[in-house]
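Open the model in your viewer and keep the selection panel at hand.

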Amino acid sequence: MTAPVYNFAYLDEQTKRMIRRAILKAIAIPGYQVPFASREMPMPYGWGTGGVQVTAAILGPQDVLKVIDQGSDDTTNAVSIRKFFTRTAGVRTTTATLEATVIQTRHRVPEAALSADQVLVYQVPIPEPLRFLEPRETETRRMHALSEYGLMHVKLYEDIARHGHIATAYAYPVQVASRYVMDPSPIPKFDNPKLSNCPALQLFGAGREKRIYAIPPYTRVTSLDFDDHPFEPYRHDASCELCAATDSYLDEVITDDQGNRMFVCSDTDYCEHRRALGHGPIAATQKEPADG
Amino acid sequence: MNDEPLLIAEGLTKYYGRRLGCRDASLELYEGEVMAVVGESGSGKTTLLQMLSTQIEPSAGRVLLYRMRDGSVQDLWTMSEPARRFLLRTDWGYVHQDPQLGLRMGVSAGGNVGERLMAVGQRHYGDIRATAADWLSRVEIPRSRIDNTPRTYSGGMRQRLQIARNLVTAPRLIFMDEPTGGLDVSVQARLLDLLRRIVAEMRIAAIIVTHDLAVARLLSNRIMVMKDGQVIEAGLTDQVLDDPHQPYTQLLVSSILPA
């Protein structure tokens with residue numbers, strides 16, 4: 001046989017089997033990076049080749065797929081991955097978080113609470129949290145094996161020494177089930193608390209680095225910190241100018257070159273959902289004047 | 001004070017392929033004692049030091065016993081790897097000749113000193129920083145330099161920082177590989193003064209590899225002379241240096257220029 005054999009969702013059956021094995025192992029050892037034979041995908045590295053492979057391996061005909069890129073459903077990456085699976089698997093896609101059964105995401109966790117019948121698939125650029133501190137792969141693996149994580153705190157120490165507070169704002173290191181230290185992918189640290197005790201299964205795929213890891217449902221995930229500098233999620237001190245939400249992660253949008261800006265929800269589906277329920281912008285009188 | 005030796009090594013031998021690195025070296029080191037290993041380059045000093053500090057495995061003679069803090073004697077090669085690595089970063093220190101190998105050059109001095117504390121589970125930033133600042137002043141580095149990286153330090157300061165980084169967990173045994181190598185004479189003198197004071201104050205046992213007999217005479221209680229991978233003479237430092245028996249040792253001693 002010369003032609004690749006696939007009958008559903010792009011990958012051939014043997015590849016999906018290999019990836020599912022890696023996923024099962026990852027779920028069995030929460031936070032541990034399982035190496036897998038990452039395939040070439042029809043997109044460049046850095047565009048979610050890892051996430052796409054994980055999604056392809058777990059997708060079934062009944063699934064409803066949602067793809068988010070930085071919280072948004074309508075950016076290039078999200079649109080093209082959705083199209084890709086519509087074409088190769090024929091599954092239904094959606095932008096509504098609550099309707100989806102598989103959510104592939106890049107750099108955000110949805111605002112809406114996830115449920116036990118959903119799977120969240122993260123795209124991961126660099127899975128090794130210790131990489132920039134210790135370049136040797138042999139050494140980082142040994143450090144994971146022996147849980148020697150002092151170095152991770154050296155990074156946080158440096159942050160405080162330089163900036164007076166922990167300045168790491170995204171890809172903030174976490175410890176999963178009191179064992180493995182893990183890179184939660186470049187999500188803002190605002191999203192870190194959502195990883196913990198989440199009813200949905202969370203899978204992480206890094207295509208270029210050929211690693212898969214997972215957080216099983218209802219697993220405790222703690223963000224690393226110091227006793228006297230505790231972990232604090234960061235959020236702009238403002239409300240969304242479209243839906244007036246005060247609890248969502250906000251994007252800052254520069255609106256002109258006069259210094260004017262607006263804050264809007266980064267999660268577009270959450271924002272639309274709220275506006276559909278009648279939440280509107282805060283009245284102009286209440287708004288603070290933009291300093292320009 | 002305990003009369004039992006802290007470290008016992010017997011018949012350590014290392015071959016690099018068919019080439020001899022070090023043959024049949026044995027020693028006993030007691031608490032608070034400073035031992036110097038001298039010899040010309042290529043005589044196997046560093047190989048011996050690396051075997052003693054479990055960085056390389058000997059080809060033969062795997063007796064390496066260490067008396068732990070609780071008094072029990074452990075064979076370092078049958079110990080589990082996590083336990084050995086824990087020992088290496090708490091009860092031991094290793095000062096490299098080149099400070100770039102022993103320091104994280106991209107991390108501030110405070111982070112360098114604090115790393116061992118964080119590795120053993122300290123999680124209070126203020127405490128870690130205070131301890132680091134204290135150690136910097138003990139090795140005569142101004143406190144104002146605590147947030148600078150070692151890249152901005154002079155050679156002598158880097159070496160002192162490396163020493164502080166190793167001593168912060170109050171180790172009982174420290175290995176030094178040519179700690180004064182590459183430093184000019186006046187900086188060497190200050191470093192030696194500092195080492196002598198700290199080793200005496202903290203009662204640390206030390207094994208110092210050096211080719212400089214003056215360093216050996218100043219710091220050590222006992223001395224081992226190595227040549228071609230073998231220990232040819234060992235004994236009290238003053239005895240060996242004042243009355244050398246082996247022709248090679250006599251040559252070594254007489255090759256020092258008179259002051």
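Select strand S6 (residues 174–176) and S7 of chain A: three bridges join them, and the two run antiparallel. Strands and helices here are DSSP runs, numbered from the N terminus (E, at least two residues, for strands; H or I, at least four, for helices). Pick Gln175(A); its bridge partner in S7(A) is Val181(A).

A word on the ground rules. This is a predicted model, in which local features need pLDDT of at least 70 and side-chain atom pairs count only at pLDDT 80 or more, while totals for chains, interfaces and linings use all residues. Residues are numbered from 1 along each chain as its sequence is written, chains are lettered from A and ligands numbered from 1 in the order in which they are written, and side-chain values use heavy atoms, with hydrogens and water left out.

Now widen the view to the open sheet S7-S6-S10 of chain A, three strands with antiparallel pairing; strands pair if DSSP finds at least two bridges between them. Strand S7 (180–182) and strand S10 (221–223) are its edges, each pairing on one side only. Neighbouring strands are turned by 30 degrees against each other on average, direction ignored.

Next, select the seven strands S1-S9-S8-S5-S4-S2-S3 of chain A, an open sheet with mixed pairing. Strand S1 (34–35) and strand S3 (92–93) each have a single partner strand, so one side of each is left without a neighbour in the sheet. Inside, strand S2 (64–69) and strand S4 (102–106) run parallel, joined by five bridges. Val67(A) has Gln104(A) as its bridge partner in S4(A).

Helix H1 lies across S1, strand S8 (201–206) and strand S9 (211–215), at about 45 degrees to S9(A). Axes are lines fitted to C-alpha atoms, for helices over the stretch in contact, and angles run from 0 to 180 degrees between N-to-C directions.

Show both chains. Here 22 residues of chain B are in contact (heavy atoms within 4.5 Å) with 21 residues of chain A. The buried area is about 1800 Å², 57% of it from carbon and sulfur atoms; this is the accessible area (1.4 Å probe) that the two parts lose on being put together, summed over both. On the chain B side, select Arg85(B), Arg123(B) and Tyr125(B): they lose the most area to chain A, together 40% of what that side buries.
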